[in-house]
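Student: Hi, could you walk me through this one? I have the sequence and the fold open beside me.

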Amino acid sequence: MSTTTIDGHEIHVDDEGFMTQYDEWSEDLGTVLAAQIGIEMSEEHWNAIRFLRRDFPENGETATLRRVATVGGIPTKQLFVLFPKKPATKMAYIAGLPKPRGCV
Amino acid sequence: MSTTATTPVVPSFGEDESGRKLAIICSKGNLDMAYPGLILANAALGEGVETHLFFTFWGFDMINKKTMGDLKFTMLGNTATHMPQGLGGLPGMTAMATHQMKKSIEEIGVPEVPEFLQQIVDSGGHLWACRMSADMQHLEAEDLYDEVEAIISASDFIEKTDGAQLLFI
């Protein structure tokens, strides 16, 4: 496990840069992580990210795109608009969670 | 926003247009053979890959409004169920096997075929119907799932998917 420093925060990350410690995350850090991948956070973005954060401890794994749509109530189309091209992994990155492991 | 990071580790999301394309030909109408194409299409779209599905022959059952919600799974001819083949031919066995498979699929949160197609379309996927299959089955665009973009010939599909990686299922 390695650490990286982003905007003064020292965080534990995996080889690809996804955070590995749930508790090291904060919304401030989320904003910085989003900026790293070219996303400026709006309230709509936060709705999705907050769902992922709430869902992770309950579900034991990062929500898939389908779960964010069906359980989190944010339509799939909208997720592709908010987090273009690779919404599931982008959301996981910003939320400081591992990549989703589910297939669907 | 100032991100004065000292070379942080940031995942690569391949923002520079990779141009990767995937073409999936769905030629089967069994419940169990409908899913591989749908799951792979969904996964590819989630990775930012432009994805086209072409429904042909028995695969038409996946987009035919009359059949798409009622695909079946049979043990017959499928040794992977590890049951005596004779059992599969008994009355009611296909219905039972279909019910079981649908239940297993639902339990892991995977949608039924029509809803799955909608999810693929919502993710930016393209659905195409095969001209020859439509002609053989005397079906028109209005008989097919509304999100199917058009009924096109095999050559049209090959043209549209120029440079794509291709899967035949």
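Student: How many residues of chain B are in contact with chain A?

Tutor: In this predicted model, 23 residues of chain B are in contact with 27 residues of chain A. Contact here is C-beta atoms, placed from the backbone, lying within 7 Å.

Student: Which element of chain B gives the most to that side?

Tutor: That is α1(B), with four residues. The elements that give two or more residues there are α1 and α4 (113–122) of chain B. Helices (H or I, at least four residues) and strands (E, at least two) are DSSP runs, numbered from the N terminus.

Student: And how do the residues on that side of chain B divide?

Tutor: Into 10 nonpolar, 10 polar and three charged. Ala, Val, Leu, Ile, Met, Phe, Trp, Tyr, Cys and Pro count as nonpolar, Asp, Glu, Lys and Arg as charged, and the others, Gly among them, as polar.

Student: Before I go on, what about numbering and confidence?

Tutor: Residues are numbered from 1 along each chain as its sequence is written, while chains are lettered from A and ligands numbered from 1 in the order in which they are written. This is a predicted model, where local features need pLDDT of at least 70 and side-chain atom pairs count only at pLDDT 80 or more, but totals for chains, interfaces and linings use all residues.

Student: OK, over to chain A. Is helix α5 (residues 87–94) mostly covered or mostly open?

Tutor: Mostly covered: eight of its eight residues are buried. Buried means 20 or more other C-beta atoms within 10 Å of a residue's own, exposed means 12 or fewer, and partly exposed is in between, with C-beta atoms placed from the backbone.

Student: What do they pack against?

Tutor: The buried residues of α5(A) pack against α1 (27–36), α2 (43–59), α3 (65–70) and α4 (76–82) of chain A, together with α1 (31–46) of chain B. Just after α5(A), Gly96(A) has a positive phi of about 70 degrees.

Student: Which residue does UniProt mark as "active site"?

Tutor: The unreviewed UniProt entry puts that annotation on Cys103(A), and such annotations may be inferred rather than shown by experiment. Cys103(A) is in the segment after α5 of chain A.

Student: Why does Cys103(A) count as partly exposed?

Tutor: Because Cys103(A) has 14 C-beta neighbours inside 10 Å. Leaving aside neighbours within four places in sequence, Cys103(A) is in contact with Ile39(B) and Ala43(B).

Student: Last topic, the sheet. What is the strand order in chain B?

Tutor: The order is β4-β3-β2-β1-β5, an open sheet of five strands with parallel pairing. Strands pair if DSSP finds at least two bridges between them.

Terms used:
Contact = placed C-beta atoms within 7 Å.
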